[in-house]
Amino acid sequence: MFMRSRRGYSLLETLICVAIIAILMALQLPVLSRALRKAKEVAVKEGLHQMQIGAMADGGSSNTRPDRETCRAAYRQTYEESLVTELKYAVHDEAEFAAYWNTLIRPGAIEPLQYTGGGELIAQDGAGTVYYLKPLNLGDPPAETVVVGWEFISTDLSETTSGTLGTNVLYSDGRAVYIRYPGDFPMTSLVAELSHRFVQEY
């Protein structure tokens, strides 16, 4: 009985195998990339939440009136690869945020800052509507729910609908809860647009 001699793989068979392996790897890379990004996002968010809890335990901010440069610096803190926007005054809705932005963050805003007799900041939005913002003192929680600060895990405005943004919200009982976007206020298109404009231009 004669036996056929075994031969190696042909070049075509080898190329087909390599192509199949490459296709399988290409299919898995996006999944791995998303998993790594998700893991990093969770780690950063947890770090930011712990920072907020630590700030509350330390008694929060002082009762001094922060000037515009202090507010601008706080609005653009960085933590690893994210942007932390710490607010110095209590913001409850989009209108108050617009006034906060226009008065404290926007370059060329009206000088000097003005306050009421009770220490509230007199803030104006772009249309000139006046809002009275209370200093945000984490050691003395207000009677309402207020925004403590925004956390921009990504600074790409096009990703605001992908769940890459969040915020810490301070409740009247002292809890600081992280809220992921997209969702109700405090994340709106206006908040995202103004915040990212600040990141990109200032």
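## Glu86 and the salt bridge

Glu86 is partly exposed, because its relative accessible area is 29%. Here buried means under 20% relative accessible area, exposed means over 50%, and partly exposed lies in between (1.4 Å probe, protein chains only). The side chain of Glu86 meets that of Lys88 in a salt bridge, at 3.2 Å from N to O. A salt bridge is a side-chain nitrogen of Lys or Arg within 4 Å of a carboxyl oxygen of Asp or Glu. Lys88 counts as buried because its relative accessibility is 18%. Searching the whole structure gives 1 salt bridge.

This is a predicted model, in which local features need pLDDT of at least 70 and side-chain atom pairs count only at pLDDT 80 or more, while totals for chains, interfaces and linings use all residues. Residues are numbered from 1 along each chain as its sequence is written, and side-chain values use heavy atoms, leaving out hydrogens and water.

## The chain overall

The chain has 4 helices and 7 strands. Helices (H or I, at least four residues) and strands (E, at least two) are DSSP runs, numbered from the N terminus. Their order along the sequence is α-α-β-β-α-β-β-β-β-β-α.

Of the 202 residues in the chain, 38% are buried. The accessible surface comes to about 12,100 Å². Carbon and sulfur atoms hold 57% of that surface. Areas come from the Shrake-Rupley method with a 1.4 Å probe; for residues, only the protein chains shown count as cover. Contact means heavy atoms within 4.5 Å. Among contacts between residues at least 6 apart in sequence, 61% join residues at least 24 apart.

## The largest nonpolar core

In soluble globular proteins, nonpolar side chains tend to be buried together. A nonpolar core is a set of buried Ala, Val, Leu, Ile, Met, Phe, Trp, Tyr and Cys residues joined through side-chain atoms within 4.5 Å. The largest such core here has 28 residues. Tyr75, Leu87, Tyr100, Leu104 and Trp150 touch the most other members. At least two core residues come from each of α2 (68-75), β2 (82-91), α3 (94-105), β3 (121-124), β4 (130-133), β5 (146-152) and α4 (189-201). Helix α3 gives the largest share, 6 residues.

## Helix α3 and its surroundings

Helix α3 is largely enclosed by the rest of the structure, because 10 of its 12 residues are buried. Among them are Phe97, Tyr100, Trp101 and Leu104. At the start of α3, a side-chain oxygen of Asp93 comes within 3.2 Å of the backbone nitrogen of Ala95.

Arg68 sits in helix α2. Arg68 is buried, since its relative accessible area is 8%. Beyond neighbours within four places in sequence, Arg68 contacts Thr103, Leu104, Ala109, Ile110, Glu111 and Leu113.

Ala123 belongs to strand β3. Ala123 is buried because its relative accessible area is 0%. Leaving out residues up to four places away in sequence, Ala123 touches Ala99, Tyr100, Thr103, Thr129, Val130, Tyr131 and Leu133. Ala123 and Trp101 are 22 residues apart in sequence, with their C-alpha atoms 8.8 Å apart.

## Strand β7

Val177 lies in strand β7 (residues 176-180). Val177 is partly exposed, because its relative accessibility is 28%. Val147 is 30 residues from Val177 along the chain. Their C-alpha atoms are 10.0 Å apart.

## A nonpolar surface patch

Leu12, Ile16, Ile20, Ile23, Leu24 and Leu27 form a nonpolar patch on the surface. Together they have about 610 Å² of accessible area. Patches are made of residues with over 30% relative accessible area and no salt bridge: like charges are joined within 9 Å, and nonpolar side chains (Val, Leu, Ile, Met, Phe, Trp, Tyr) within 5 Å.

Ile23 is in helix α1 (residues 11-57). Ile23 counts as exposed because its relative accessibility is 53%. An α-helix has 3.6 residues a turn, so residues three or four places apart point the same way.

Note on methods:
A polar contact is a pair of N or O atoms within 3.5 Å; within protein, one must be able to donate a hydrogen and the other to accept it, and residues adjacent in sequence count only if both atoms are side-chain atoms.
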